[in-house]
Amino acid sequence: MSGEKDLELAKKKAAAAAKAKAAALAKMKAGKKDSQPPSERSTDPIEIEVELAQQKAEALAEAKNAPQGFEPEAGKEETGNDLPLPNPAHLELELAKQKAAAAARAKAEPLADNQGGRTASEPLLEIERFNEFSKPLPNQSFADMELAKQKASAAARAKAAAMAQEMAAAQTVSLSRESQQDTNKNPASLPTTSAHTEFDLEARKAIKAKAAELAAKSSTFYLEDDNTKALATEKETASAELKSKRAAMASSAAEHPEQKSEPIMSKKAAEEFSQLSEEDEKAKAAALAKQGGEAPEGDEKAKAIAVAKAKAAAAAKAKAAALAKQGGEAPEGDEKAKAIAAAKAKAAAAAKAKAAALAKQGGEAPEGDEKAKAIAAAKAKAAAAAKAKAAALAKQGGEAPEGDEKAKAIAAAKAKAAAAAKAKAAALVKQDGEAPEGDEKAKAIAAAKAKAAAAAKAKAAGAGKARPAVEPPADSKPSPNQKFLDKYIKVIEENLGTDILAAAYINPLSKDVPTLEVKVSAYYRTAEFLKYNEQLAFDYLSELHGTDFGSHFEVYVHLYSYRNSQSAAVKVRVDRENPVLPSLVPLWQGANWPESEAYDLLGIQFSNHPDLKRIMLGEGWIGHPLRKDYEPYDVEV
Amino acid sequence: MIGLAKGFSYTLKNLTRKKVTYDYPNEPLPLPDRFRGIQKFYPEKCIVCNQCSNICPTDCIQLTGKKHPDPSKKGKIIDTYDINFEICILCDLCTEVCPTEAIIMTNNFELAEYSRDQLFKDLVWLDENDEHIRRVNKP
Amino acid sequence: MVQELLASPPGLMNFAIFFLLAAILLMVILGFVTYAILAERKVMGFMQLRHGPNQVGGRWGLLQTVADVLKLLIKEDTIPKLADRPLFILAPVIAFAPAFLVLAVIPFTDKLQFADIGVGLLYYIAISGISTVGVVTGGWASNNKYALLGGMRAAAQMISYEIPLVMSLLGVILLSGSLNLNDIVSAQSHGWFIIKQPIAFIIFIIASIAELNRTPFDLPEAESELVAGFHVEYSGFRWAFFMLSEYVYLFAMAALTTVLFLGGWGALPFLGFIPGAVWFSLKFSLIVFILIWVRVTLPRLRADQLMEFGWKVLLPAALANIFLTAILKELF
Amino acid sequence: MIRTEEMLLNVGPQHPSTHGVFRLVVKIDGEIIKEATPVIGYLHRGTEKLAEDLQYTQIIPYTDRMDYLSAMTNNYVICHAVETMMGLEIPERAEYLRVLAMELGRVASHLVWWGTYLLDIGAVSPFLYAFREREMIINLLNELSGARLTFNYMRVGGVKWDAPEGWIDKVREFVPYMRQQLEGYHRLVTGNEIFMKRVKGIGTYTKEEAINYSLSGANLRCTGVNWDLRKDEPYSIYDRFSFDTVVRTGGDAWARYECRMQEIVESLKIIEQAAAQFPAEGSIMAKVPKIIKAPKGEAYVRIESPRGEIGCYIASEGKKEPYRLKFRRPSFYNLQILPKLLKGENMANLITILGAIDIVLGEVDG
């Protein structure tokens, strides 16, 4: 086909895309406007919603009027969407208006009682966000629209189950880039650009959700005795799961192409679905292994737990993929879309059932361990919250079509949430030895588990970043600074006692700087000692900053002594829930602003700091951005 | 007072020295070949590998490809390619990673527009922006 | 011709002529001011290795200042809500009027002089003091902390430099024996006072730069410290008034320096054939160039250093100069 | 006794001589400053948060925008950090190109400081002379890297572009020309009595205070501390060049002025030697994988930037994005001593002291 045709086509698409983008932006703005506290919006939220919907509907109707074939009418300035769309225009208009009204009602009702202010764990707000993203794509026929909606929520739930297991944040970044490409590869269609931006939004949400998930998961691994930690993590996991579910719903909704007649599309969607979940699984295993590495030094049980979790997640995912594939081959027929939808729902439900079964076996194994029960309880509560949300969603999506299809979906959602929770609890409690007896699928799960376990062990063996091995890796020649390090250790041990240093080693990566890892309790005394002792005389504070290592914060202080021109790094690990550290300002004035910055960006409290305030961000800023589970205040378009 | 006197003599001497300013709007600025200006895009060279949109630090490149129209050839051709010059920082990473040099930089930097929407440059505009093309594109 | 007019009976006609003459002088002065600003920007530019305005009105940017003045006319001159409105509106007038009043007395050439009054110099010194009141009112009325600081600095500086200004002139008055500017010019026919009174000349030049708020002493409107000093809240034509008053004052000060120290329209000994007006404008331009040159080169003094310099260096020097002149006058 | 009232004055964030969006809330009684509290964060762009999702090559354009007056040193500090972690060997020619680019950037940065410092003190024309020389340096760097300010020139393992032919000769010619111009600067400003009165004895602090407040660069060396990272912790190939650390003992704005003017002379020495020893050929990039992955672990490196000691801390998990990236920004640390210096000063000195510390807000806010 000649170049011009393509270009001309491209130009038309670009114009259409721009118009759709404008419509999507308007919808987005309406969406954003609704989430603002009601006081700011003068008119009633429903009116805005409906009026916007009308605008969108008219834009679409106008686009629909373009004739079916590729040759748009001469002279018709507004080049409509040249893709063959079988449905009459006015029906579309009707549907769009109706749907918008429904969505508005759904949005208005939760908004009414949620008086603005962004609280991450507020379930109603979540629903409102969910509605906004789950609105099926505008240009489908009536039946297809319902189906798409129902299909979207079901598939999302299945995917959510897979994603509910923790996901390494980094993996998801590459995942979102690749999934962005997948969308790029989809054949261009009218709503793609708007879906595309929506997908971008969802991809970013997915990353954040998964990051939150990561933080929550790793904190639950930190087997502390006190229950307060469990409760706190339970709250976190609940919000994390909600977020991840919301992200999953949106991404799968965007990922499902609008109603396309050719069967290849449905198979492709299925493949994408499984490919996506495979990636989730890979990401999850890697994260798990990293988690394993991060657990307190050398704790055998922690490694086991990491492994068990990988097993459970792998199982659920594998199941979903297999079933999705079967669903895909369902014989083509005129109601292909319905078949695909059914297949998807079935696959999701089956996957959930499987996970539930697996979890049930795990759960039954009674374990007397007090801690395990506490964690299980926490997990159950989180699952319950997730279940309630899922049920609400299902109810939302399901008003129009009656029949058992809907009921099954809701049941499936409930089961899924429960399964996820139980699976996690089981993994926490049980050693990985007990492979579930019975059918061939179980053996597959065991194999996957073994592979994950191996990876986890390998990862743990390597010098974990957060938990450095006690002795420096035995490289060929002892590093030149070894004698300085020994001197520091000797002098500190003599004067301050032996249980001060958690670890002391030469950091080969950073020009062999002697690094001392100090316990929180002895942090100030050691710093004071380093400064005023004549042998050490570290009078210059070069750098001080905090980092969020998932399970804990860490403050890194780089000191330098002008007298014996030697530098040393001091690191201290502070607990994540209430990070409080004595301030070093009385010793070095230079620590004043860096500590304020650490407080501002990470939320580390420095006691007796002259004036600890937010130095970088405005006073009214909510949250601490450099924390890994930070939810950006304004959703980036 | 001697210091002041020296200062006065310096400024007086400069009164007659040759001026160093460019007469910019009338004559174009002398720019080296490597100068990073606005990109030029060759739609026919692009293989829709998405390298540029992945490497872009500010995610300002949006591109969509489609299947090659005639079944004989495989691979994809570019469909829409827009760069959002509101946030493009002209860092030249996209031209660095492009395998087929489908996107290269020109030397013109004048990009003032009257409205922000015009800063979304699409495939056609980027194709027509072909003066002062950089001769050497890869190090 | 002005004398008969003054003697003739008062009448509408009389008034119209005076009004017309004054209007013509104002136009001439405004003409000078626009090209003084352009000259300053061009000379500063050339000293800083750049061209200065060369876009508006041909290669030399001749219409640049005219364009600026028109822009300022069209610009909206805002009055801050909490400003002291009457004072805010009055301040530029008080600052501009004395600068213009002072010109009536200066003898441009032997024939061209508006008012030949016996106490010309005293009149000049007295009227020029009023503009300080305008500056301070402007600083106070705009209800802005920077403007207030600028106004206070202006008050301190202008008043404390008025005294060395006047003291340095006593030497000249001693030598010429009269306050009338024409007499002073004629007294210089055989030896300019710059030669007889070098110290007085230097003190006068320094004090006049301080009076004009120009660079080494431009504290009241120090851009880097007080953003724009007393005229920070002014915009549009009111701001233009302050600028005009500064340059008209520059015109007046340069003219006075020419009259007092460089022999007014007196020619150099052997070049009598060149008319007085040319001589006057040449000397006048030389003084203006020196003032611009000083602005290009020197940094700014600090407020306390300024005071110290004014009271502890200039004033004693001026007094010593008077004393010295008195002794010399006695001996010769 | 007349009753005076103290006034709260906002110097900035939009102010002609705060070198960027820096705000100082000053409590003044007449012109005497009772107390000054700096407010920063107006230009905070969250580079460290962004870096969590960016690969190493994508972070380099962001470092250009931190200390935008000498972007080359910023590029170098992050590349040096990753190279130290990976233990990379950088080819000779790349090292020479890096040193030349950094030192030219240092001279350009000091020229901007000199011009704006004099502008703050009231002299109008030094700014123009300084920018005439800086324009020549910027053109040299433009030919080398393709941009005037945001170079994005260095990559982990080497540099992106090789020097165009004839470039090294232009650099060789530039050095004597610059030395000659420097004499003109000293004639115009350094001897000027008004300038010396404005600058001598202002904003003085002792060696112990400087060390205690973690000052670095000329602000530290002006109190007599002989500490220059290029000499005392040599990185890259700085140990091959003979130049000396500029140290003064006054500790006031004048000493800082002298330090920086002398540093320009030292940098010119380095440029001259580097241009002389410039290897005729050789590769400009070490063998580096396509996607750079810093090994698992953490590293903190620090180098000498025109404003002081710039450091870069990377904690990596072996992925292509850093887990945590933190820049030790010298202007951020140097500003901490300002409130202490300003007590009892007057408005004019406030501007002089602030100018002498030489801050760039892109770097303060990070």
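Helix H9 of chain C covers residues 198-211, and at 1.5 Å a residue its 14 residues should span 20 Å; the end C-alpha atoms are 20 Å apart, so the two values agree. The model is a predicted one.

**Helix H9 of chain C**

- Of the 14 residues in H9(C), 10 are buried, so the helix is largely enclosed by the rest of the structure.
- The buried residues are C:Ala200, C:Phe201, C:Ile203, C:Phe204, C:Ile206, C:Ala207, C:Ser208, C:Ile209, C:Ala210 and C:Glu211.
- Just after H9(C), C:Asn213 has a positive phi of about 55°.

**C:Thr325**

- C:Thr325 lies in helix H13 of chain C.
- C:Thr325 counts as buried because it has 20 C-beta neighbours inside 10 Å, and 20 or more is the cut-off for that class.
- Apart from neighbours within four places in sequence, the contacts of C:Thr325 are C:Gly171, C:Leu174, C:Leu175 and C:Gln197.
- C:Thr325 and C:Leu174 are 151 residues apart along the chain, and 7.5 Å separates their C-alpha atoms.

**Chain D against chain A**

- This contact involves 38 residues of chain D and 30 residues of chain A.
- On the chain D side, the elements giving two or more residues are helices H1 (47-51), H3 (71-86), H8 (207-212) and H12 (330-334), together with strands E6 (297-305), E7 (308-316) and E8 (324-328).
- E6(D) provides the largest share of that side, six residues.
- By residue class, the side of chain D that touches chain A holds 14 nonpolar, nine polar and 15 charged residues.

**Chain D against chain C**

- Here 25 residues of chain D are in contact with 22 residues of chain C.
- At least two residues each come from strand E1 (7-11) and from helices H4 (92-121), H5 (125-145), H7 (193-199) and H14 (347-357) of chain D.
- The side of chain D that touches chain C is made up of 14 nonpolar, six polar and five charged residues.

How values were computed. Residues are numbered from 1 along each chain as its sequence is written. Chains are lettered from A and ligands numbered from 1 in the order in which they are written. This is a predicted model: local features need pLDDT of at least 70, side-chain atom pairs count only at pLDDT 80 or more; totals for chains, interfaces and linings use all residues. Two residues are in contact if their C-beta atoms, placed from the backbone, lie within 7 Å. Helices (H or I, at least four residues) and strands (E, at least two) are DSSP runs, numbered from the N terminus. Ala, Val, Leu, Ile, Met, Phe, Trp, Tyr, Cys and Pro count as nonpolar, Asp, Glu, Lys and Arg as charged, and the others, Gly among them, as polar. The expected span of a helix is 1.5 Å times one less than its number of residues. A residue is buried if 20 or more other C-beta atoms lie within 10 Å of its own, exposed if 12 or fewer, and partly exposed in between; C-beta atoms are placed from the backbone.
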